[in-house]
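Here is a protein chain to look at together. The questions below ask how each description of it is reached, and the answers set values against the terms they rely on.

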Amino acid sequence: MYYTTMSKAAFFSLFLLLCTAPGEPGVAQAHLDPFRVQGRWALVSTNGKAAAGAVAFFEISGRHISGFDGCNSFGGSLDRPDLIRKTERDCPGMDPFPLDLADPLGQLSAANLEGDTLSLPVRGKDGIAVFRLD
């Protein structure tokens with residue numbers, strides 16, 4: 001009896017694992033692996049408002065992130081956000097960059113990736129920033 005119950009439990013657990021494997025069509029991913037988001041991602045819109053001005057983007061190469069927020073450049077290690085450096089030009093009237101450089105991994109892990117489009121929840125506000133693979 002014990003063996004049968006354990007076998008059923010193991011089979012059911014394996015079934016659930018296989019049914020929820022990442023990358024399967026029609027199955028939502030709980031968390032995106034930020035290290036799978038390699039490449040240059042250009043900002044398309046924030047909260048439905050099209051990006052204006054200079055093209056803002058971020059690029060992930062291995063464990064390194066760099067980019068341009070429309071006014072300032074930034075770069076550093078995803079593993080050490082405290083060491084990400086950013087230029088400090090004054091940019092009056094510019095909307096803040098939707099990627100939080102204080103915790104890019106945390107924010108990217110909550111993003112949704114569909115094809116070449118990355119939908120990133122905006123920290124501190126309700127909303128979505130949409131980036132497209134450049």
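Q: What makes up the secondary structure of the protein chain, and which pattern does the chain follow along the sequence?
A: In this predicted model, the secondary structure of the protein chain comes to two helices and nine strands. Read along the sequence, these elements follow the pattern α-β-β-β-β-β-β-α-β-β-β.

Q: Why is proline 34 called buried?
A: A residue counts as buried when its relative accessible area is under 20%, and the value for proline 34 is 9%, so proline 34 is called buried. This proline is found in the loop between helix H1 (2-19) and E1. Leaving aside residues up to four places away in sequence, proline 34 touches Ile60, Leu105, Leu108 and Ser109. As for serine 109, its C-alpha atom is separated by 5.7 Å from that of proline 34, although the two residues are 75 residues apart along the chain. Over the protein chain, 28% of the 134 residues count as buried.

Q: Why is asparagine 47 called partly exposed?
A: Partly exposed covers what lies between buried, which is under 20%, and exposed, which is over 50%; asparagine 47 has a relative accessible area of 44%, and therefore belongs to the partly exposed residues. Asparagine 47 lies in the loop between E1 and E2, and its phi is near 55 degrees, a positive value in a residue other than glycine.

Q: How do you know that E1 and E3 pair, and how many bridges join E3 to E4?
A: Two strands pair if there are at least two bridges between them; strand E1 (residues 39-46) and strand E3 (residues 57-61) have four bridges, so they count as paired, in the antiparallel sense. Strand E3 is also joined to strand E4 (residues 64-68), by five bridges, and these two run antiparallel. Two residues lie between the strands in the hairpin of E3 and E4, where glycine 62 takes a positive phi near 65 degrees.

Q: What makes E7 and E8 a pair, and which strand do five bridges join to E8?
A: The requirement is at least two bridges, and strand E7 (residues 112-114) and strand E8 (residues 117-121) have three, so they count as an antiparallel pair. One of these bridges sets glutamate 114 against threonine 117 in E8. The hairpin of E7 and E8 has two residues between the strands, and glycine 115 in the turn has a positive phi of about 65 degrees. Five bridges join E8 to strand E9 (residues 128-133), again with an antiparallel run, and here proline 121 has isoleucine 128 as its bridge partner. The hairpin of E8 and E9 has six residues between the strands, and glycine 124 takes a positive phi near 80 degrees.

Q: Which residues lie nearest the centre of the largest pocket, and what makes a residue part of its lining?
A: A lining residue has an atom within 4 Å of a point of the pocket, and 22 residues line the largest pocket, of which Leu43, Thr46, Met94, Asp95 and Pro96 lie nearest its centre. E1 and strand E2 (49-50) each supply at least two residues of this lining. By class, the lining has eleven nonpolar, five polar and six charged residues. The space in the largest pocket is about 490 Å³.

Methods: Residues are numbered from 1 along each chain as its sequence is written. This is a predicted model: local features need pLDDT of at least 70, side-chain atom pairs count only at pLDDT 80 or more; totals for chains, interfaces and linings use all residues. Side-chain values use heavy atoms; hydrogens and water are left out. Buried means under 20% relative accessible area, exposed over 50%, partly exposed in between (1.4 Å probe, protein chains only). On a 1 Å grid over the protein atoms alone, a cavity is a set of points where a 1.4 Å probe fits but cannot get out, and a pocket is an open set with protein on both sides within 12 Å along at least five of seven lines; lining residues have an atom within 4 Å of a point. Grid points are joined across faces, edges and corners, and a volume is the space filled by probe spheres set on the points. Ala, Val, Leu, Ile, Met, Phe, Trp, Tyr, Cys and Pro count as nonpolar, Asp, Glu, Lys and Arg as charged, and the others, Gly among them, as polar. Contact means heavy atoms within 4.5 Å.
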